[in-house]
Amino acid sequence: MTADEDPTAPPVPPAGPVDELEAAAPHVTFKGILLGAGPRFARDAFGPVIAFYIGWKLAGLVVGIAGATVVSLAAWRYERRRDRAGVVARLSLGFVVVQAAIGLISQSATVYLAQPVLLSAAFGIAFIVSVALGRPLAGVFAGEIYPFPPEVRNSATFVHVFGRVSIAWGLYQLLRSGVRLLALVGGGVEVFIVVNLLTGVPFTAGLMSWSIWYGLRKFRRSDEWGWALQPPPTPEPTPPPA
């Protein structure tokens with residue numbers, strides 16, 4: 001440390017092309033991210049399953065599969081029209097097409113519903129493996145919520161923060177897959193739907209809330225990017241005219 005450096009001074013912004021982050025970051029809030037991304041995530045994760053169950057109960061397997069496929073297609077189109085990446089929606093749509101084909105060939109609701117359970121387990125493993133590879137999968141989905149510039153995505157803070165988030169999501173996916181598979185095999189479709197919602201909506205909402213809170217907290221406290229994520233200063237009140 002030189003004689004001119006003040007240890008109490010705020011960190012100096014690093015040199016580099018961070019104008020995009022600096023311009024947008026002060027407006028990032030926990031509430032804004034949660035309200036913006038939460039409903040979209042819930043729609044993509046649970047919409048097809050609910051549509052399948054309603055169609056299956058009302059008119060049979062084929063109608064249930066058709067309803068789930070239509071919901072996924074509508075979600076994908078919604079994201080495309082708003083020029084969003086729609087990673088979750090695209091993944092959901094692609095898998096639903098394969099899932100529908102297997103379900104129609106097998107003519108079994110159990111086989112149809114078992115596929116997303118196995119996919120969820122595969123995602124859980126992928127989340128954990130991605131951390132070992134230094135490319136945390138949670139960071140990919142974070143891009144759905146906030147447009148991180150490339151220099152941020154390649155930073156140590158990004159890898160560390162979303163590595164922790166990836167591990168949490170990976171363990172949750174594996175545990176939930178095991179519980180849902182037991183419910184489907186041992187209790188049938190109706191029990192599976194109930195267990196799917198109970199282990200999905202509240203836990204996913206809680207884990208998503210934690211992920212957003214943890215990510216913002218760690219970024220704001222980091223030496224690397226904390227300077228860019230500080231809230232905008234409160235304007236000084238204008239004194240009344242004399």
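Which residues form a nonpolar patch on the surface? In this predicted model, the patch consists of I125, I128, V129, L133, I167, L171 and L174, with about 600 Å² of accessible area together. Patches here are built from residues with over 30% relative accessible area and no salt bridge, like charges being joined within 9 Å and nonpolar side chains (Val, Leu, Ile, Met, Phe, Trp, Tyr) within 5 Å. Areas come from the Shrake-Rupley method with a 1.4 Å probe, and for residues only the protein chains shown count as cover. Helix 5 (109–132) and helix 8 (156–198) are the elements that give two or more residues to the nonpolar patch. L133 sits in the loop between helix 5 and helix 6 (137–142). With a relative accessible area of 66%, L133 is exposed, because the exposed class starts over 50%, buried means under 20%, and partly exposed covers what is in between (1.4 Å probe, protein chains only).

A word on the ground rules. Residues are numbered from 1 along each chain as its sequence is written, and side-chain values use heavy atoms, with hydrogens and water left out. As the model is a predicted one, local features need pLDDT of at least 70 and side-chain atom pairs count only at pLDDT 80 or more, while totals for chains, interfaces and linings use all residues.

On to the overall fold. The chain has nine helices and zero strands, which reads along the sequence as α-α-α-α-α-α-α-α-α. Helices (H or I, at least four residues) and strands (E, at least two) are DSSP runs, numbered from the N terminus. Of the 242 residues in the chain, 40% are buried. Among contacts (heavy atoms within 4.5 Å) between residues at least 6 apart in sequence, 71% join residues at least 24 apart.

Now for the inside. In soluble globular proteins, nonpolar side chains tend to be buried together. A nonpolar core is taken as a set of buried Ala, Val, Leu, Ile, Met, Phe, Trp, Tyr and Cys residues joined through side-chain atoms within 4.5 Å. The largest such core has 21 residues, and F148, F162, W169 and F219 are those with the most contacts inside it. Helix 6, helix 8 and helix 9 are the elements that give two or more residues to this core. Another core, of 15 residues, lies apart from it and has I65, Y112, A114 and I193 among its members. Back in the largest core, F162 touches P136, A138, G139, A142, F148 and F219, if residues up to four places away in sequence are not counted.

F219 also turns up among the buried residues of helix 9, the others being T204, L207, M208, S211, I212, Y214, G215 and L216. An α-helix has 3.6 residues a turn, so residues three or four places apart point the same way.

What about charged pairs? The structure holds one salt bridge, meaning a side-chain nitrogen of Lys or Arg within 4 Å of a carboxyl oxygen of Asp or Glu. The partners are K57 and E190, with their closest N and O atoms 3.1 Å apart. This pair links distant parts of the chain, K57 being in helix 2 (residues 30–59) and E190 in helix 8, 133 residues apart. Their C-alpha atoms are separated by 9.9 Å. Both ends are partly exposed, K57 at 49% relative accessibility and E190 at 36%.

A few other spots deserve a look. H160 is placed in helix 8 and counts as partly exposed at 39% relative accessibility. H160 and K218 are 58 residues apart in sequence, yet 9.3 Å apart in space, C-alpha to C-alpha. L104, in helix 4, is partly exposed with a relative accessible area of 38%. Leaving aside neighbours within four places in sequence, L104 is in contact with V62 and I65. From L104 to I65, the C-alpha distance is 7.9 Å across 39 residues of sequence.

Finally, the backbone. Most residues other than glycine have a negative phi. Q107, in the loop between helix 4 (87–106) and helix 5, has a positive phi, near 55°.
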